[in-house]
Amino acid sequence: MIKNLKKPVKQPTISRVDPIVSVEDVTMVFNIANERLNSLKEYLLKLVTRQLFYREFKALSNVSLNVQKGDTFAIVGVNGSGKSTLLKIIAGVLEPTNGRVRINGRIAPLIELGAGFDFDLTARENIYLNGALLGYSRAFIDENFNEIVSFAEMEEFLELPMKNYSSGMVARVAFAVATVMVPDLLIVDEALSVGDMFFQEKCMDRINTLIDKHGTTLLFVSHSIEQVERLCKQAIWLEQGVVKMSGSAEEVCEAYSKSQ
Amino acid sequence: MDTINDRLRNDWFILSSLVSKDFKLKYRRSILGVVWSVLNPFLMMIVMAAVFSFFSRGDTATQPFPVYLILGTTLFSLMSSATSSGASSIIAAASMIKKIRINKMIFPLAKVVFELVNFILSLVAVVIVMALFQVWPTIYLLYLPLLLFYVTLFCAGLSLLLSALAVFFADIIYLWGVILTAWTYATPLFYSSSILPQLMIDIMKFNPMYHYVTYFRSITMCGIQADIASLMHCYINQELWLPAWQPPGLIENLVCLGIAAITFLAGYLVFRATQKRFILFV
């Protein structure tokens, strides 16, 4: 498995001093309309009568963090503390209201597995589609197709529309596509809570291999303190969009557990 | 970080993957499959030719009406399908936009490319109809890629504009359906502009589709004049002699390009200015 891992053809060079992820003073504000306006007419009416009010919701305020190359970094916090928002900003899906995010390297976002899967297409077609969305070239997918298929253990079902797959099988395909490349940064957002125990172990092995053998940096979000302690060395604790604590995973996890 | 070239290549790979996905899904359940892309405009033309042979349609009697008809309707349906599916493309791709970092312009542009490929397939039907009515291609048919470039640019601009606005006001999608219907009748697809009063002909100059449809007909039916039967008909009815189709000149090319470029620029700028907020609304 290990020797089969291939780097994509063009790999950006990373200087050693720069952190792989640098989040500087990031604030994210959502405008929540007091009522949902669905039509132009409603909008104009409200605009004219000056009834257009927004409630501001700060999902993140002045969050800063640096992740060095090779770190294993966890983000902990209760639901609604801003973990997913932060990950989405780092992955480039969301644009922060204020502040700056810099990424040095290739990201494999396992935020929501299988984005862009179309369940009417076969697994083979979906592997290409999902690979394209993850930034792979067609040649790269061709080259690594067999490895993806064998990791996901679905050789017999390749030509079957994915609507006939179980959710565990879908997750396997998605995980296999997302990790076939050796990323500089792997972002994992509780994506591993699907699939059976056996497959979860296999995913964990793969993540460990990437970290240990390839120096991949890990950014991990989980509710499970045991998983965080097992995987990560550094951690940050978010509460209501503010960094409450940051430091070694052990200390942060201890403090976080006590507060529960 | 990736170079611009790499990013463009990847965007193109995503776009072509989306287009081929649309094709696979469109015909997945049908037996004839992609043949429908040819059959559909052909059958539509037969229906319309049958219906409109009972209505007054102006000077189209001097030329093979089915050819006149299919040229107009296929090009118009390229525009109407591309813009109507383009308009809802961002909303339809909400799940992807929320989850992955992606150049969002790909979605409306993929719809336009899909309809363009579909149009090119439907040209087979056009060729069949031309052969049936013995309209032989001339050298001016070489203008076709130029026309397709104009129309694609025009549709891309409209799709970018509509898809961006539809994120904030979903009503746009329904409104656009009505506008397309009105536009279909406001464009001389199954009648000739010569039956219109002078005022309408002047207004017609502001209809971009009028220019594109006329361009398409003029390069395809270049030099076509009446056949014997129509000649007799003209003679008996003392109708004025109608000039044959002329190939498009420089002015007509500039007009077509100008409309396309302005539309594209407007769509592109609106899309670029609003795309960061899509994720908060879809």
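**View 1. A nonpolar surface patch on chain B of the predicted model.** B:Leu32, B:Val34, B:Val35, B:Trp36, B:Leu43 and B:Ile46 make up a nonpolar patch on the surface, with about 480 Å² of accessible area together. Patches consist of residues with over 30% relative accessible area and no salt bridge, where like charges are joined within 9 Å and nonpolar side chains (Val, Leu, Ile, Met, Phe, Trp, Tyr) within 5 Å. Accessible areas follow the Shrake-Rupley method with a 1.4 Å probe, and for residues only the protein chains shown count as cover. With a relative accessible area of 33%, B:Trp36 is partly exposed; buried stands for under 20% relative accessible area, exposed for over 50%, and partly exposed for what lies in between (1.4 Å probe, protein chains only). This is a predicted model in which local features need pLDDT of at least 70 and side-chain atom pairs count only at pLDDT 80 or more, while totals for chains, interfaces and linings use all residues. Residues are numbered from 1 along each chain as its sequence is written, chains are lettered from A and ligands numbered from 1 in the order in which they are written, and side-chain values use heavy atoms, with hydrogens and water left out.

**View 2. Helix α3 of chain A and its cover.** Helix α3 (residues 123-133) of chain A is largely enclosed by the rest of the structure, because ten of its eleven residues are buried. Among these buried residues are A:Glu125, A:Ile127, A:Tyr128, A:Leu129 and A:Leu133. Their cover includes α4 (138-152) and α5 (167-178) of chain A, together with α1 (4-27) and α5 (94-99) of chain B, a contact being heavy atoms within 4.5 Å. Just after α3 of chain A, A:Gly135 adopts a positive phi of about 95°.

**View 3. A salt bridge between the chains.** The side chains of B:Lys24 and A:Glu125 meet in a salt bridge at 3.8 Å, N to O. B:Lys24 lies in helix α1 of chain B and A:Glu125 in helix α3 of chain A, so the pair joins two chains. A salt bridge is taken here as a side-chain nitrogen of Lys or Arg within 4 Å of a carboxyl oxygen of Asp or Glu. B:Lys24 is partly exposed at a relative accessible area of 32%, whereas A:Glu125 counts as buried at 18% relative accessibility. Over all chains, the structure holds 15 salt bridges.

**View 4. A buried pair within chain A.** A:Glu147 and A:Arg206 form a salt bridge in which the closest N and O atoms are 3.7 Å apart. This pair links distant parts of the chain, with A:Glu147 in helix α4 and A:Arg206 in helix α6 (residues 197-214) of chain A, 59 residues apart. Both A:Glu147 and A:Arg206 are buried.

**View 5. Helix α8 of chain A and the negative patch.** A:Glu226, A:Glu229, A:Glu250 and A:Glu251 form a negative surface patch, to which α7 (225-231) and α8 (249-259) of chain A each supply at least two residues. A:Glu250 lies in helix α8 and is exposed, with a relative accessible area of 63%. A:Lys258 forms a salt bridge with A:Glu254, the closest N and O atoms being 3.4 Å apart; as the two are four residues apart in helix α8 of chain A, about one helical turn separates them. A:Lys258 counts as exposed at 66% relative accessibility, and A:Glu254 as partly exposed at 47%.

**View 6. Two loop glutamines with positive phi.** Most residues other than glycine have a negative phi. A:Gln240, however, has a positive phi near 50° and sits in the loop between β8 (234-239) and β9 (242-248) of chain A, where it counts as exposed at 66% relative accessibility. For B:Gln134, phi is near 55°, also a positive value. B:Gln134 occupies the loop between α6 (106-132) and α7 (144-168) of chain B and is exposed, with a relative accessible area of 56%.

Technical notes
Lys and Arg count as positive and Asp and Glu as negative; His and the chain ends are not counted. The place of a charge is taken as NZ of Lys, CZ of Arg, CG of Asp or CD of Glu.
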